[in-house]
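Please keep the structure open while you read.

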Amino acid sequence: MKTLPRIIKKIHPLIHRVYLFLKPAYWRLRTPAQKKFDLRLQYIFIGCCIGVLLVASIIPAANKLISYSIEKKELISEKKKTDQVKLEIPKTPEEQLLFNIETGKIKTTSLTLEKNETLSGLLKRADLSMKEALETAKALELVIDLRKLRPGQVFELFFSSDNTFYGLQMETRQGDTVSVFKDKNGLFIPQAKEGKIVSEMIKVDGTITSNFSSDADKAGLPKAIAAQVIQALDGEIDFRTDLKAGEPFSIIYEKKVTETGREVGKSILQYVSLTANNKVYNRYYFVDAAGTPGFYNEYGESAPKTLMKRPLGRGRISSPFGMRRHPILKYQIHHSGTDFPAPLGTPIPAGGDGVIVEMGWKGAYGKYIRIKHTNTYSTAYGHMSRFNDDLHIGSYVKRGDIIAYVGSTGRSTGPHLHYEVLKNGKQVNPLNTYTIPKRALKGNALQKFKQKAKEINPLYVDPQEKESQPIPNKK
Ligand SMILES: [Zn+2]
C-alpha cells in the first residue's frame with residue numbers, strides 16, 4: 001500500500017473506502033455486485049453533501065434571525081432603562097414634575113404663541129419632530145379648543161437633560177392648567193386641572209380736577225372700570241356737566257386673578273361713591289335671584305332710568321316717527337321708528353337695561369334685535385350689518401352696551417339705524433321721554449343686598465339702623 005491510502009485508512013475506514021471509490025482502477029477491479037453496492041454508497045454520499053450544504057446555508061440565516069430578535073429585546077429593555085433613568089415618567093405629572101425640575105432632570109422652556117402662529121408652528125419652533133408636534137397637538141385638543149388659542153398664550157415646554165421632549169403645560173385665560181405629558185409607552189396624555197381663581201377687591205380714591213375719565217386714569221383706575229362707573233350712573237348724572245372740581249370719588253372693583261397672579265375674566269365695578277350736583281351718589285353692584293345684575297343705592301333701590309332717545313348720539317334723523325312717504329314703496333306709510341343714518345359698522349348701544357327677546361332676521365327689518373326693558377317697554381333695532389357675537393336671545397344688556405353694528409340689511413336704502421320704542425307692544429315716538437321706574441329690593445333680596453354691600457364696602461351702614469340720623473346720601 002502507498003503512503004496516502006495508508007494514512008487515510010488510519011483516519012477512518014469509511015474515508016479510505018471513499019478514496020478507493022474515486023480511483024478509476026478500483027472500478028475496473030470491482031465485481032458487478034460490488035459496483036451496485038458502491039453506486040448505492042455514491043448516492044448516499046451525494047445525499048449527505050446536499051444535506052450538509054442545505055444545513056450550512058440555513059444555519060447563518062437562522063442565526064441572523066435569532067441574533068436580531070435578541071438585539072431587539074436588548075434594544076427595548078435598554079430603551080426602557082433610559083426611559084426610567086432619564087425621564088422618570090411620573091404617574092402623577094404634577095408631583096414628579098417639580099421634583100424633576102428641581103433635580104435638573106427636566107429643563108423648562110417658555111414659548112409665547114406669536115401672531116398668526118399655530119400650536120404646531122410653536123412646537124416646530126421648539127425643534128420638535130413633526131410626529132411629536134402632531135401627537136402633542138392631538139392630545140391637547142382633547143382638553144381645549146385649539147382654535148381659541150390667542151397670540152400671547154404662554155406654553156411651558158419640558159425636555160429631559162438629553163433634549164427629549166417630555167410634555168407641555170399652559171394656563172388658559174380662565175386660569176385652568178392644561179398639560180400634556182409623555183407616558184411610559186411614549187404616548188402623550190392630556191390633563192386639565194381647574195385653576196383656583198381668587199377675587200380681589202381694589203379700592204381707588206381720587207378727586208375731580210378736570211373731567212372724570214382723566215382723573216380716574218390718574219388715580220390708577222382701569223379704563224374699563226371708569227366706563228362701568230359712567231354706565232352705572234348713566235341717565236342719572238351727566239359726567240360732562242354735573243361734576244365739580246375738588247369733589248372726591250371712591251371706587252371699588254373686583255379683579256379675578258389666578259394662583260399665579262394673572263388677571264382673568266372681566267373686572268366688575270362693585271361700588272362707586274361720588275358727588276354730583278351737590279348730591280352724594282352711592283351705588284352698589286348686586287345680582288338678584290333671577291341673575292340680573294344692577295346698581296342699587298344703600299336702600300337697595302335701583303335708580304329710575306330713561307330709555308335712550310338717540311342711541312347713536314346727536315346725529316341727523318333721516319326719517320322721523322309718524323306718517324311719511326316711503327323711499328322705496330313710494331307711498332304714504334306710517335313709520336314705526338326713527339331712522340338715524342350712520343356709517344356702516346357704527347356700534348349700536350342698547351337703549352336701556354334689559355333682556356334680548358328677539359335677535360335674527362325679521363323680514364323688511366333685516367337683522368333685528370328687540371330688548372325687553374320692563375313688562376311695559378321694549379326697544380327694537382333694525383337693518384343692522386351684524387350682531388355682537390357675545391349676545392344671544394336671553395342675554396342681559398345694560399344701557400349703553402354694544403348690541404350690534406349699523407348696516408343696510410332688509411328693506412333699506414343705505415346704512416342707517418331704525419330705532420323703535422314699544423310701549424305695551426305698540427310703537428311710540430322714540431324722541432319722547434320714557435322712564436324705567438326704580439326698582440326696590442324687598443325681603444330676602446334686600447337682606448342679601450345689605451350683606452353683600454357690607455362685604456364690598458366695610459363702611460356701609462344699613463340706613464334703617466341709623467334711622468334717627470338724617471341721611472344726606474339718599475337721592
Ligand atoms: Zn326706519
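**Notes on the predicted model**

1. Glu156 has its bridge partner in β3, and that partner is Gln169. The two strands involved are β2, residues 154-160, and β3, residues 165-171. They pair in the antiparallel sense over five bridges. Keep in mind throughout that this is a predicted model.

2. β2 and β3 belong to an open sheet of five strands, ordered β1-β2-β3-β4-β5, with antiparallel pairing. Which strands sit at the edges? They are β1 (106-112) and β5 (188-193), each of which pairs on one side only. Neighbouring strands in this sheet are turned against each other by 20 degrees on average, with direction ignored.

3. Helix α7, residues 130-141, lies across β3, β4 (177-182) and β5. Its course makes an angle of about 35 degrees with β5.

4. Ser120 belongs to helix α6, which spans residues 119-125. Leaving out residues up to four places away in sequence, Ser120 touches Ala133 and Ala137. Ser120 and Ala137 are 17 residues apart along the chain, yet their C-alpha atoms are separated by 6.8 Å.

5. Now the hairpins around β18. Strand β17 (residues 354-361) pairs with β18 in the antiparallel sense over six bridges. Within this pair, Val355 stands opposite Lys372. The hairpin has five residues between its strands, and Gly363 takes a positive phi near 45 degrees there.

6. β18 also pairs with β19, again in the antiparallel sense, over five bridges. Ile371 stands opposite Thr379 of β19. How many residues of β18 are buried? Five of the six are, in a strand that covers residues 367-372.

7. His383 has a positive phi of about 65 degrees, although it is not a glycine. It is placed in strand β19, residues 377-384. His383 is buried, because 24 other C-beta atoms lie within 10 Å.

8. Asn424 is the other one. Its phi is positive too, at about 50 degrees, and it is not a glycine. Asn424 is in the loop between β23 (416-423) and β24 (426-428). It counts as exposed because it has 9 C-beta neighbours inside 10 Å, and the limit for exposed is 12 or fewer.

9. Ile403 is part of strand β22, residues 402-405. Why does Ile403 count as buried? It has 24 C-beta neighbours inside 10 Å, and 20 or more is the cut-off. Setting aside neighbours within four places in sequence, the contacts of Ile403 include Ile348, Pro349, Ala350 and Ile369. Tyr381, Asn388, Leu391 and Val397 are also among them. Ile356 is 47 residues away from Ile403 in sequence, with 9.3 Å between the C-alpha atoms.

10. Helix α10 covers residues 443-456, 14 residues in number. From its first C-alpha to its last it reaches 20 Å, close to the 20 Å expected at 1.5 Å a residue. Its buried residues are Phe449, Lys450 and Ala453. Seen down the axis of α10, these fall within an arc of 100 degrees, so they line one face of the helix. An α-helix has 3.6 residues a turn, so residues three or four places apart point the same way.

11. What do the buried residues of α10 pack against? They pack against β9 (279-287) and β10 (293-296). On the other side of α10, Asn444, Gln447, Gln451 and Glu455 are exposed.

12. Last, confidence. The protein chain has a mean pLDDT of 84, and 84% of its residues reach 70 or more.

Note on methods. Residues numbered from 1 in each chain as written. Predicted model: local features only at pLDDT ≥ 70, side-chain atom pairs only at ≥ 80, totals over all residues. Helix = DSSP H or I, 4+ residues; strand = E, 2+ residues; numbered from the N terminus. Expected span 1.5 Å × (residues − 1). Arc of directions from axis to C-beta. Contact = placed C-beta atoms within 7 Å. Pairing = 2+ DSSP bridges. Axes fitted to C-alpha atoms, helices over the stretch in contact; angles between N-to-C directions. pLDDT = per-residue confidence, 0-100.
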